Amino acid sequence: MFDTPMTPKLFLDRVLNGAAVGIVVGLIPNAITGELFKFLARTFPSIDLFTTLSQVVIGLQFTVPVIVGVLIGMQFAMTAVQTVIIGTATFVGSGAMSFSPDGVMLVGIGDLINTMITASVAVLILAWMGNRLGSLTVLFLPIIGGGIAGLVGILLLPYVRYITTGIGALVNAIAVQEGLGLIAFVLIAMIFSVMIVSPISTVGVCLAIGISGPAAGAASVGIGAAAAVLLAGSLRVNNAGVTWSTFLGAMKMMMGNLLKYPIMALPLMVVGGLTGLVGGLLNITGTAETAGFGQSGLVGPIAAAKDLDASPIATLGIVVLVYFVAPIILAFAFHALCVRTGIYSPSIFAFTPQGAPVSEGQADEPLESVAREDRDALDGTATTAPQTPDTPQTAADRETAQTPASVSADAEGDAR
């Protein structure tokens, strides 16, 4: 069973915490350095190291489903064996693999919604099984826990993907509607500014509908606007690591905040729409392959710069204005307005603790409060709860405690 009484809200908080950190760990290396290594590889073709480094950071992002599954398992204080089982089941059920008569092929990081569903199913199965298998745990637990959860994920995948294709159909309908013009650009930017913070994959939507031209540029600009909003909201309530991770590409870190505080969609849509207006007026474009990344790794700005009919200096100025200057100014201004008028509190942007929350109240505490508790403990100012004397153990209890499978995966700091 679970390490603490579980409620649906607490369960969801733990799943979202694990998924948010897992996305950062898996995607940030390529988001920040991927385009740089590609550029260096093209500039210095004789140096194979840059090509290899590019392949390394791209390869790291394929491990996102496994990382998410493992970190979700750690959120529920699963044992080492149980945590690994959750990770493997999540990878299978995520949709990151494509099976064919010719073999198995990696096709991306999978569907994030299905990734979290598969991990949740694995957690529930393993929690229900507990120690029922006794000495046969290592033999049958991977088969039952991993196999059933992976099967559920694969069976649900086609239906979960309807969410992605449905949103893609909406975006496509707006993009091809005659007469909308600049309005279409604004609407698409607003949709993607919210979508990038949700569990829905922007890259998956863009590739599914083959978005291109101004519509792809609108999607990319909307994602850049979302990064600016999260920068403005996170700056005073989170540590530097959280703030700059979200701005540099890990916007999905805040998906738990968006689900708990839907009002966060307001600044995302407003700033996304206004930035989209600027981008539409300046003829920003993109491709299906670049639209879902936004400003991450400069993917969107580079794609836009290639199609701009202007001098190099003017092109640079337009790209910087659309992807950085305009959205950041708009984000800080609108965030200040919302806070001063009481529309929302800055705390809605506070990233939840990376360790497993043991209560619904703790699940809503910002990361900084946990950091303060850690500092107090180091300073000797924290209040230490009295320890209860150890109870005598039977020989069976001692043997169970020494079993490798019972080692607690409570190293919460490793989730950073």
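**Exercise 1. Is the crossing of α12 and α15 right-handed or left-handed?**

Solution. Before starting, note that this is a predicted model, in which local features need pLDDT of at least 70 and side-chain atom pairs count only at pLDDT 80 or more, while totals for chains, interfaces and linings use all residues. Residues are numbered from 1 along each chain as its sequence is written, and side-chain values use heavy atoms, with hydrogens and water left out.

Step 1: The crossing of α12 and α15 is right-handed. A crossing is called left-handed if the near helix is turned anticlockwise from the far one by less than a right angle, and right-handed if clockwise.

Step 2: On the side of α12, the contact (heavy atoms within 4.5 Å) is made by L266, P267, V270, V271, L274, T275, V278 and G279, and on the side of α15 by V322, P327, L330, A331 and F334. These residues divide into eleven nonpolar, two polar and no charged, when Ala, Val, Leu, Ile, Met, Phe, Trp, Tyr, Cys and Pro count as nonpolar, Asp, Glu, Lys and Arg as charged, and the others, Gly among them, as polar.

**Exercise 2. Describe how helix α3 packs with helix α4, and examine the loop between α3 and α4.**

Solution. Step 1: Helix α3 (residues 64-75) and helix α4 (residues 80-93) pack with their axes 7 Å apart, at an angle of about 145°, and α3 passes α4 in a right-handed crossing.

Step 1: From α3 the residues P65, V66, G69, V70, G73 and M74 take part, and they meet T83, I86, G87, T90 and F91 in α4. By class, this contact has six nonpolar, five polar and no charged residues.

Step 2: In the loop between α3 and α4 one finds A77, which has a positive phi of about 55° although it is not a glycine. With a relative accessible area of 31%, A77 is partly exposed, since buried means under 20% relative accessible area, exposed over 50%, and partly exposed in between (1.4 Å probe, protein chains only).

Step 3: Turn next to N283, a residue other than glycine whose phi is near 60°, a positive value. N283 is found in the loop between α12 and α13, and N283 is exposed, with a relative accessible area of 56%.

**Exercise 3. How many aromatic pairs does the structure hold?**

Solution. Step 1: The structure holds five aromatic pairs. Rings of Phe, Tyr and Trp (its six-membered ring) pair if their centres lie within 6.5 Å, and planes under 30 degrees apart count as stacked, over 60 as edge-to-face and the rest as tilted.

Step 1: One of them joins F44 and F50, whose ring centres are 6.1 Å apart and whose planes stand at 45°, so the pair is tilted. F44 is partly exposed at 39% relative accessible area, whereas F50 is buried at 17%.

Step 2: W244 and F247 form an edge-to-face pair, with 5.9 Å from centre to centre and 85° between the planes. Both lie in helix α10 (residues 240-248), three residues apart, which is about one turn of the helix. W244 counts as partly exposed, at 44% relative accessibility, whereas F247 is buried at 9%.

**Exercise 4. Which residues touch the most other members of the largest nonpolar core?**

Solution. Step 1: A nonpolar core is a set of buried Ala, Val, Leu, Ile, Met, Phe, Trp, Tyr and Cys residues joined through side-chain atoms within 4.5 Å.

Step 1: Of the 67 residues in the largest core, I188, F192, V197, I211, L268, I284 and F349 touch the most other members. The largest share of this core, 14 residues, comes from helix α9 (residues 213-234).

Step 2: Not counting residues up to four places away in sequence, V197 touches A226, L230, M251, M254, M255, L258 and L268. Another core of 25 residues, among them F11, I23, I85 and V123, lies apart from the largest one.

Terms used: Helices (H or I, at least four residues) and strands (E, at least two) are DSSP runs, numbered from the N terminus. Axes are lines fitted to C-alpha atoms, for helices over the stretch in contact, and angles run from 0 to 180 degrees between N-to-C directions.
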